[in-house]
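Thanks for asking me to look this one over. Have the model open in your viewer while you read.

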Amino acid sequence: MDDNVLLALGLTLFAGLATGIGSLIAFFTTRTNKKFLSIALGFSAGVMIYVSLIEIFVKAKDSLVNVHGETTGYWYTLFGFFGGMLLIALIDRFIPKGNNPHEVKSVEDVQKAQLIVNEEVEADRLMKMGLFTAMAIAIHNFPEGIATFMAVLQDPNVGIAIAIAVAIHNIPEGIAVAIPIFYATGKRMKAFKWSFASGLSEPLGALIAYFLLMQFMTDTMFGIIFAGVAGIMVFISIDELLPAAKKYDEAHSSIYGLVAGMAVMAISLVMLT
C-alpha cells in the first residue's frame, strides 16, 4: 500500500470510531453543550455541502466529460450523483424508524433513560434498542466509509476535511447507541464497546473499496463513484446534520456553523491549490 492509501484508511478509521467519543460524552458529562453541538454539526454540514458541490462533483464531471464528451459525461455525472443519494435514502428507508441512527440523543436523555429502567422487561427493551441502533449505524456508515476513502485517495486535503466532518456527525450516533445499552446493563464498558464497534463498518467500507473497487478503477468508474460520493455527502448533510443541528439550535447557531464550515473549506481549498 502506498502512503495515500494508508492515509485514506487511517482517516476513515478515525471518522468511524468517533462513535466512541459520543459514548464517552454520555458517560462523563451531566448536560449537553447544545450551542457547541449545534455549531459543530452545522459546521460539518457546511464542509460537506461545499466540498461536494464545488470540488467533488466538478472533479467527477471533468473525469467523465474527458472520456465521454460534454453531454454524455454530464449525464453520467448526474447518474452517479443522484445514484449516491438514492443509495443512502434506500438504506434509511429499510432501517426501522425507532432504531434509526438519525434520531438525535442528548446527554439529558441519559437521565430520562435511567429513570425508566425499573423492571427487567424495560431493561431488555433498552438493550434491544441499543443493539438495533448499533446495527443501523453500522449499515448506514458503510457507504460513508467508501465515500471518505475515495475522497482522501483523490485529494488528501479534501479528504481530511470530509473525515473530520464525518467524525463530528458520528458523535451523536455514538450517544444513541451507548445510552440504552448502559442503562439496560449498568456497564459502561459494554456500552462503549458496542458504540465503538458500530463505527467499524466505516473502515470496512474503505477496505472493500480498496480491495474490490480499485481493481476495476477506470476514468469512467472513478467519475461515477466520485459523483456518488458527492450525492451521499449532500444527502447526509440535508437529512442528518442540519436537522440534528437545528434540534440543538440557539439563536441560529447551526446556520452560523454552516456558513463557517463553507467559508473555512473555501479558504482552505484556495490556499492549498
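My notes follow as numbered points.

1. A word on the ground rules. This is a predicted model, where local features need pLDDT of at least 70, side-chain atom pairs count only at pLDDT 80 or more, and totals for chains, interfaces and linings use all residues. Residues are numbered from 1 along each chain as its sequence is written, and side-chain values use heavy atoms, with hydrogens and water left out.

2. Overall fold. The chain has eleven helices and zero strands, taken as DSSP runs numbered from the N terminus (H or I, at least four residues, for helices; E, at least two, for strands). Of its 273 residues, 52% are buried, where buried means under 20% relative accessible area, exposed over 50% and partly exposed in between, using a 1.4 Å probe and protein chains only. Among contacts with a separation of 6 or more, 87% join residues 24 or more positions apart; a contact means heavy atoms within 4.5 Å.

3. Transmembrane annotation. The unreviewed UniProt entry gives "transmembrane region" at residues 6-29, 36-54, 74-95, 131-153, 159-184, 222-242 and 254-272. UniProt positions are in the numbering used here, feature names are shortened, and annotations may be inferred rather than shown by experiment. Two of these spans can be set against the model: residues 36-54 are 100% helix and 0% strand, with end C-alpha atoms 27 Å apart, and residues 159-184 are also 100% helix and 0% strand, with their end C-alpha atoms 38 Å apart.

4. Which residues does the UniProt "binding site" cover? The unreviewed entry lists Glu 144, His 169 and Glu 173. They are spread over 30 residues of sequence yet cluster in space, the largest C-alpha distance being 13.6 Å. Glu 144 belongs to helix α6 and counts as buried because its relative accessibility is 1%. Beyond its neighbours within four places in sequence, Glu 144 contacts Val 166, His 169, Asn 170, Glu 202, Ile 236 and Glu 240. Glu 173 sits in helix α7 (residues 156-185) and, at 2% relative accessibility, is buried too.

5. Thr 148 is in helix α6 and is buried, with a relative accessibility of 0%. Leaving out residues up to four places away in sequence, Thr 148 touches Thr 12, Ile 162, Ala 163, Val 166 and Met 233. Thr 185, in helix α7, is partly exposed at 26%. The C-alpha atoms of Thr 185 and Asp 124 are 8.8 Å from each other, although 61 residues separate them along the chain.

6. Largest pocket. Its volume is about 270 Å³, the space filled by probe spheres set on grid points that are joined across faces, edges and corners. A pocket here is an open set of points on a 1 Å grid over the protein atoms alone, where a 1.4 Å probe fits, with protein on both sides within 12 Å along at least five of seven lines; lining residues have an atom within 4 Å of a point. There are 14 lining residues, with Gly 84, Leu 87, Ile 225, Gly 228 and Ile 232 nearest the centre. Helices α4 (70-93), α6 (120-154) and α10 (219-247) each give two or more residues to this lining.

7. Helix α4. This helix has 24 residues and reaches 34 Å from its first C-alpha to its last, close to the 34 Å expected at 1.5 Å a residue, that is, 1.5 Å times one less than the number of residues. Its buried residues include Gly 80, Phe 81, Gly 84 and Asp 92.
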